[in-house]
Amino acid sequence: MTHWFHRNPLKATAPVSFSFYGVASSTGANKICNDLKASRARLLELFTDVTCNADMMKNATDAYFSLLQGFINSLDGTTQENKLRFIQNFKWTDTLQGNSTSAQQDAIFELASMGFNVALWFTKFASRLAGKEDITESEAKDVHRSLKTAAGIFKHVKEIQVPRLITPAEKGRDLEARVIDTYIVQCQAEAQEVTIARAIELKHNASLIAALAFETANFYHKADHTLTSLEPEYTTKWRKYLQLKQCFYMAYAYCFHGQTLLGSDKCGEAIRSLQEAEKFYNKAEGLCKEYQQTKGPGSTAKPSEQLFFRKLGTSVRNTLEKCQRENGFIYFQKVPPEAPQLELKANYGLVEPVPFELPALSSQWTPEVYTTFDLTKGPKDDKAKAKPEEEVKPMKEPDIKPQKDTGCLIS
């Protein structure tokens, strides 16, 4: 399933030295600064390391965030703002905005931005795993888990960290609600795709598959709708992907709903349902071409070239022909002029984000060490002020090499 998922680029960031000469006035304070620099650099390295797995990413994230929280949490036993929160400037690109940067002198901005990138990494890790030639059941579960983990991190960033920012995110930036919401819902939809593939592989009840497909199509519709009020210049390609996936899973829903109707001797309604499936499948094919021709951020998925995509077209045609034959020989039912209204609710297999929790504060942070950060000893001129127009070097992401397509997510 290589190139089945659309992925926007990772966020890039300017290096941070955490060199607070004069301010960090003890051995413990200097060690924290050095470890912050090293753990941040290590985490950034892992984002583009193809050998990195979920455990490695979690450990590196925990190592950095456990130290970074010493710039955010109250460490002096009072409810006052941490004196170190605004000492360092952080600069990040945004996934939809090319190389232009957002910058804030705020440790919470760094926590939210890095957390966002960690979530993006989990989506890319899931995509890379799903692209393997012979994916095992265990690996399929890792794809599913990674997408739910990503959704949980995005949700944490949106609900816990972003509201704490002094400066709100600008329109179309990653920390803006509409952008984060789209990522959350896309992760849920893609995780449900794994569930659907599993249900088809194990030949589960057609009504369950239809309901799951319908819920998944609704997720994609919701994600697409969330982007409608943002600039087409940087959202059109992403929206085409979301639209083609919506149509694809609507075709699935109507196809399997048609099979359910046929099983209930409602052959006329089954034919109409399958005609609707054919219409949505053809629309998805057209959107695939539009998507591939549209310029915009991110890697280009190639869903119409996947066996999983083409299998649905064959299934729709074959099932429709079967229903038409049966109706001509046995049922003689009228085909309704209107497609059946899908009021399908899946009771199983629906995806919820995995809740994300920050690691505990590093044991290096003690009230005594905190007091040895003396802001009165810092430089008088604020050289760390942001320069939003300055470009940050993009991350060099590894290419995903196409594998032999076996036509399913699980073998």
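Reply: In this predicted model, the largest nonpolar core holds 128 residues, and among these Phe 47, Phe 154 and Tyr 249 touch the most other members. Helix α7 supplies the largest share of this core, with 17 residues.

Not counting residues up to four places away in sequence, Tyr 249 touches Trp 4, Ala 213, Phe 214, Thr 216, Ala 217, Tyr 220 and Phe 308, together with Glu 193 and Ile 196.

Tyr 249 also takes part in the contact between α5 and α7. Helix α7 spans residues 232-263, and the two helices pack at an angle of about 35° with their axes 12 Å apart. The crossing of α5 past α7 is left-handed. From α5, the contact is formed by Val 179, Thr 182, Tyr 183, Gln 186, Glu 190, Glu 193, Ile 196 and Ile 200; α7 contributes Trp 238, Tyr 241, Leu 242, Lys 245, Tyr 249, Tyr 252 and Phe 256. By class, the residues of this contact comprise 10 nonpolar, two polar and three charged.

Leaving aside residues up to four places away in sequence, Glu 176 touches Ala 169, Glu 170, Lys 171 and Leu 230.

Conventions:
Residues numbered from 1 in each chain as written. Predicted model: local features only at pLDDT ≥ 70, side-chain atom pairs only at ≥ 80, totals over all residues. Heavy atoms only, no water. Contact = heavy atoms within 4.5 Å. Axes fitted to C-alpha atoms, helices over the stretch in contact; angles between N-to-C directions. Helix = DSSP H or I, 4+ residues; strand = E, 2+ residues; numbered from the N terminus. Left-handed = near helix turned anticlockwise from the far one by under 90°. Nonpolar A, V, L, I, M, F, W, Y, C, P; charged D, E, K, R; others polar. Core = buried A, V, L, I, M, F, W, Y, C linked by side-chain atoms within 4.5 Å. Buried < 20%, exposed > 50% of the residue type's maximum accessible area, 1.4 Å probe, protein only.
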